[in-house]
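This briefing covers the ligand site and the nonpolar cores of the structure shown below. Please keep the coordinates open while reading the points.

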Amino acid sequence: MINRDGNTFFLSTKKSTLILRINEVGKPICEYYGHRVPSTTPEAAFTKPEMMMGRSVAYDKTKSEQICLNDLALEISTPLKGDTHAPSLILRSEDSVVFDFTFAEAQIGEAKLMEGYPTPRGASEELVLALEDKALLAKAELHYVVYEEEDVIGRYVVIENGNDKSFDIEKAMSMQLVLEDKGFELVSHYSNWTGEFSVEQQPLFHNRIEFGSNTGSSGDDHNPFFYLKAKGCSLHHGEVYGFNLIYSGNHLEQIEKDNYGKVRILQGISPLNFRKTLAKGEKFITPMAVMTYSEEGLNGMAHQFHDFVNGHVIPEEFSYVTRPICYNNWEATYAKFNEGKIHALIKKAEKMGIELFVLDDGWFGHRDDDKSSLGDYNVYKKKLPHEISGLSAYVHKHNMKFGLWFEPEAISVDSDLFRAHPEYVMRDKLHNPSEGRNQLLLDLTNPEVREYLFKQLKSTIGPAQIDYIKWDYNRIFSDVPADNGTYMHDYILGLYDLLNKVRAEFPNLMMENCASGGGRNDLGMFSYFCQGWVSDDTDSYERGKIQTAMAMGYPQSVLSNHVSAKTNHQLLRKTSLGTKFDVASIGVLGYELDITKLDPIDEREIKNQITYYKENRYLFQFGRFDLLQELEEGALIYQVSDGKNAEVVYMNNLQTTHSGIETLVPVNLDSSLTYNYKVRHEEIDFKRFGSLINQVTPIHLKEEGKLVNFISRRWGYGTEKFEGEISGDMLLGGALKLPRQWAGTGMNEYTRIILDFGARIYRISPTK
Ligand code: GLA
């Protein structure tokens with residue numbers, strides 16, 4: 001709901017209110033952003049009294065002797081009129097570098113589509129504050145888009161030139177918000193290949209913190225999702241402000257606590273390698289940034305972002321639609337496969353209950369490794385003599401959907417496409433372009449290249465009846481041409497244009513976003529893709545950390561999680577398949593290990609996992625996500641629930657011999673009901689007991705002997721006993737104790753053999 005009272009605007013969502021005011025000198029300022037308040041007595045919120053601070057300059061003495069821009073909670077800022085913080089806008093014309101925007105008019109109405117960008121659908125309302133610089137005939141519109149039910153407010157800026165002379169935009173942030181410091185700590189996420197969503201938490205000092213990405217894509221270096229925790233904010237309680245950007249390219253975040261304690265938050269396209277010249281009548285639109293306020297702690301923020309993404313961002317065809325369990329051959333075969341091997345995997349996948357079979361990289365051109373053929377999406381006949389359509393038919397015959405890997409934006413030098421069209425490549429005029437993973441990027445700013453790619457995709461997807469594609473993107477930008485100041489941005493608009501075409505042609509095609517893992521998981525991409533490959537790191541312990549950090553801003557329905565081989569390929573860390581499933585379960589489940597080579601015990605385990613997941617798939621993918629305990633406290637605990645049922649994942653950190661009594665304290669259940677609680681059953685490899693096994697066997701067994709190996713491939717030791725009934729009151733009150741972990745001093749049927757980095761999943765459901 002948006003209300004206007006004179007020069008004051010109230011933007012209210014279900015639980016929050018943002019109050020904006022046009023002040024005495026025509027500057028829009030933020031007077032309040034916090035829990036929902038009524039639209040009455042706004043004066044109480046106004047900054048008072050205005051007062052010149054220190055050595056500042058009076059902005060306009062004819063209107064007020066006391067107003068200096070430096071002290072205002074400005075909603076937009078340009079330099080050199082008294083505001084010395086990081087500006088949200090830097091413009092430069094031949095005549096002036098002082099662009100001074102003041103209020104012209106306001107409009108409240110239906111939200112508009114943003115030209116060139118994905119726009120979250122179904123907004124409640126939009127406020128547009130139109131500002132102008134009368135001397136320069138420049139305009140700036142501040143757009144505030146309200147998503148009332150989800151407590152999210154979107155914000156973007158449109159800059160327009162009305163002057164005969166052009167001007168340059170050197171920096172144009174989507175978001176500027178100024179808050180009084182509430183003892184904030186900033187939580188941001190730095191990322192590397194296999195190290196996505198590493199959490200960085202830091203207090204704010206009197207300086208400026210900057211982070212972002214300049215690699216050409218959003219998720220490298222730092223993801224655009226971040227938040228500010230007020231003092232006292234915990235997982236379930238306290239105030240937090242969350243931010244994100246609906247954009248897939250370079251971005252910058254600046255958090256500046258000034259010397260008077262105000263905190264300025266800026267977010268938008270990175271100004272590095274960015275200069276947009278606007279001729280008369282031309283406009284530039286920034287991408288939309290989004291913010292949310294919660295006083296229900298980090299989980300409250302997560303719920304709001306989840307509802308927003310699931311309901312407004314994800315393509316409508318997939319909004320709240322359950323995703324299939326997938327099998328992907330990558331870690332099983334890499335690029336070394338043939339039709340026989342793939343057929344064997346398909347047959348096995350069907351038997352195990354898989355619903356979508358995905359053929360990954362290596363099916364086209366003459367691609368045996370990552371050195372060739374990107375760009376030539378014609379089948380590699382030596383590997384797949386019956387073509388993709390033959391394979392697709394085979395998969396469909398085995399009652400699964402069929403998915404295929406592409407890396408449309410890249411090109412190998414060793415490819416027919418490169419030989420025919422070297423001019424399609426992203427490069428500057430003077431230097432040889434640098435290769436990354438043996439490949440170059442295509443110039444997506446060129447409509448001819450986009451058309452070529454669209455035709456290639458269409459001619460494969462359509463005839464072969466492909467149900468799903470994994471869209472990969474495996475290198476950063478380099479060698480950007482100089483002739484266009486916004487090349488890196490235009491590339492992203494080109495990418496959106498291509499994705500729009502693909503979605504329009506194949507609206508029901510499922511698409512998984514991938515950039516060597518999570519190098520480009522952002523709200524721009526999730527406007528086209530219903531899920532994203534979270535990380536190339538499939539080690540469950542690492543994944544637990546990455547997934548839960550990502551889940552603070554993105555719903556688990558977009559987290560594509562695969563169970564991989566017991567000895568993980570990225571770290572060589574060994575964890576059980578049970579643990580891998582437990583950690584992967586909250587999200588979209590998949591498998592990528594060689595299922596044709598499973599021991600009987602592992603085959604049983606995977607079948608059980610798939611059955612378990614199917615029984616409660618909606619909860620796993622769309623239930624309310626809550627982080628219950630952080631890893632630093634000894635174990636990472638998180639859950640999904642629907643108010644009556646919950647699945648709780650427990651992931652151990654390092655085991656100790658002196659772990660105390662632990663309790664399981666779920667949330668979001670009904671205290672008036674009686675509950676069953678039960679650990680998911682798995683068989684524990686009894687080789688983990690080493691030579692201790694001899695304490696219970698009548699004959700002596702060699703630790704790695706043939707007999708031990710034979711038995712352990714077939715039978716395991718049962719999970720600890722943990723099953724029973726409990727009242728909702730007791731459960732929510734924290735009375736449910738977990739069995740003790742193995743501590744080296746004997747064991748019984750209740751002893752939890754969970755080990756370093758091991759996991760469990762607990763089902764909690766009403767007795768009737
Ligand atoms: C990237 C992806 C992997 C796999 C390979 C194929 O690394 O993240 O999942 O698809 O490419 O080359």
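In this predicted model, D361 places a polar side-chain atom 2.6 Å from an oxygen atom of the ligand. R437 has a side-chain N or O atom 2.9 Å from an oxygen atom of the ligand, and for a side-chain N or O atom of D472 the distance to a ligand oxygen atom is 2.9 Å.

**Ligand site**
- The protein buries 97% of the 310 Å² that the ligand exposes when taken alone.
- The ligand is surrounded by 13 residues, of which D360, D361, R437, K470 and D536 are the closest.
- Sorted by class, this shell consists of 6 charged, 4 nonpolar and 3 polar residues.

**Largest nonpolar core**
- The largest nonpolar core has 193 residues, and W363 and Y591 are the ones that touch the most other members.
- Helix α7, spanning residues 487-505, supplies the largest share of this core with 9 residues.
- Nonpolar side chains tend to be buried together in soluble globular proteins.

**Surroundings of Y591**
- Beyond its neighbours within four places in sequence, Y591 is in contact with residues including I325, C326, Y327, N328 and I354.
- Also among the contacts of Y591 are H562, V563, F581, I606, Q609 and I610.

**Second core**
- A separate second core contains 20 residues, among them L628, I637, L731 and L738.

Note on methods. Residues numbered from 1 in each chain as written. Predicted model: local features only at pLDDT ≥ 70, side-chain atom pairs only at ≥ 80, totals over all residues. Heavy atoms only, no water. Core = buried A, V, L, I, M, F, W, Y, C linked by side-chain atoms within 4.5 Å. Buried < 20%, exposed > 50% of the residue type's maximum accessible area, 1.4 Å probe, protein only. Helix = DSSP H or I, 4+ residues; strand = E, 2+ residues; numbered from the N terminus. Contact = heavy atoms within 4.5 Å. Near = heavy atom within 4 Å. Polar contact = N/O pair within 3.5 Å; in protein donor to acceptor, adjacent residues only side chain to side chain. Areas by Shrake-Rupley, 256 points an atom, 1.4 Å probe, with all protein chains shown as cover. Nonpolar A, V, L, I, M, F, W, Y, C, P; charged D, E, K, R; others polar.
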